[in-house]
Amino acid sequence: VQLQASGGGLVQAGGSLRLSCAASGRTFSSYAMGWFRQAPGKEREFVAAIRWNGGSTYYADSVKGRFTISRDSAKNTVYLQMNSLKPEDTAVYYCATDPQYRGSDVRYGYWGQGTLVTVSS
């Protein structure tokens, strides 16, 4: 499985962005998906996860109520809608996938290259 993340950019605080992660591979529809982020000088942290059928989602407390993870299995794509962005959301955002649901565990088997989100104050 290969992942390609996109949609990052520069946005003012309070604004919105939608990240996309396009996957290749015939078994993507049965894989769980996650989003993580890494700010400069900090460790990679969990943002959101979704089960293979899209029926269950899980969020970090820091983004709960502001971010929404979703997937379109027909398009082999997972999305992260980010609203009410804050400067502390600034980071490189990575998508990840695995045949097993990993939730916030970083041990996903496949990772995308990352897309930079910068939120100005």
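**Questions and answers on this protein**

Reader: What radius of gyration does the protein have?
Author: With 121 residues, a compact globule would have a radius of gyration near 14 Å. The radius is taken over C-alpha atoms, and the globule rule is 2.2 Å times the number of residues to the power 0.38.

Reader: Good start! What kind of model is this?
Author: Residues are numbered from 1 along each chain as its sequence is written, and side-chain values use heavy atoms, with hydrogens and water left out. Local features need pLDDT of at least 70, side-chain atom pairs count only at pLDDT 80 or more, and totals for chains, interfaces and linings use all residues; this is a predicted model.

Reader: How many helices and how many strands does the protein have?
Author: Both kinds of element are DSSP runs numbered from the N terminus: helices are H or I with at least four residues, strands are E with at least two. Reading from the N terminus, the order is β-β-β-β-β-β-β-β-β-β-β. The count is therefore zero helices and 11 strands.

Reader: What box do the C-alpha atoms fill, and what share of the residues is buried?
Author: Along the principal axes, the C-alpha atoms fill a box of roughly 40 × 25 × 25 Å. Buried means under 20% relative accessible area, exposed means over 50%, and partly exposed is in between (1.4 Å probe, protein chains only). Of the 121 residues, the buried share is 41%.

Reader: What share of the contacts joins residues 24 or more positions apart?
Author: A contact means heavy atoms within 4.5 Å. Take the contacts with a separation of 6 or more; residues 24 or more positions apart account for 57%.

Reader: Let's look inside. Is A48 buried or exposed?
Author: You will find A48 in strand 5. Leaving aside neighbours within four places in sequence, A48 is in contact with M33, G34, W35, Y58, Y59, I69 and L80. I69, in turn, has A48 among its own contacts, along with others including A49, I50 and V78. At 0% relative accessibility, A48 counts as buried.

Reader: How far apart are the C-alpha atoms of R37 and V117?
Author: R37 lies in strand 4 and is buried, with a relative accessible area of 5%. Not counting residues up to four places away, R37 touches residues including E43, E45, F67, E88, D89 and Y93. R37 and V117 are 80 residues apart along the chain, and their C-alpha atoms are separated by 9.4 Å.

Reader: What is the relative accessibility of R66?
Author: R66 sits in the loop between strand 6 (57–59) and strand 7. Among the residues R66 touches are Q81, M82, N83, S84 and D89, with those up to four places away not counted. R66 counts as buried, and its relative accessibility is 11%.

Reader: And is S70 buried or partly exposed?
Author: S70 belongs to strand 7. Beyond its neighbours within four places, S70 is in contact with I50, T77, V78 and Y79. Its C-alpha atom is 8.2 Å from that of Q81, 11 residues away along the chain. With a relative accessible area of 30%, S70 is partly exposed.

Reader: What phi does N76 have?
Author: Most residues other than glycine have a negative phi. N76 is in the loop between strand 7 and strand 8 and is partly exposed, with a relative accessible area of 23%. Although N76 is not a glycine, its phi is positive, at about 55°.

Reader: Where is S84 found?
Author: S84 is not a glycine, yet it has a positive phi of about 50°. S84 counts as partly exposed, at 42% relative accessibility. Look for S84 in the loop between strand 8 and strand 9.
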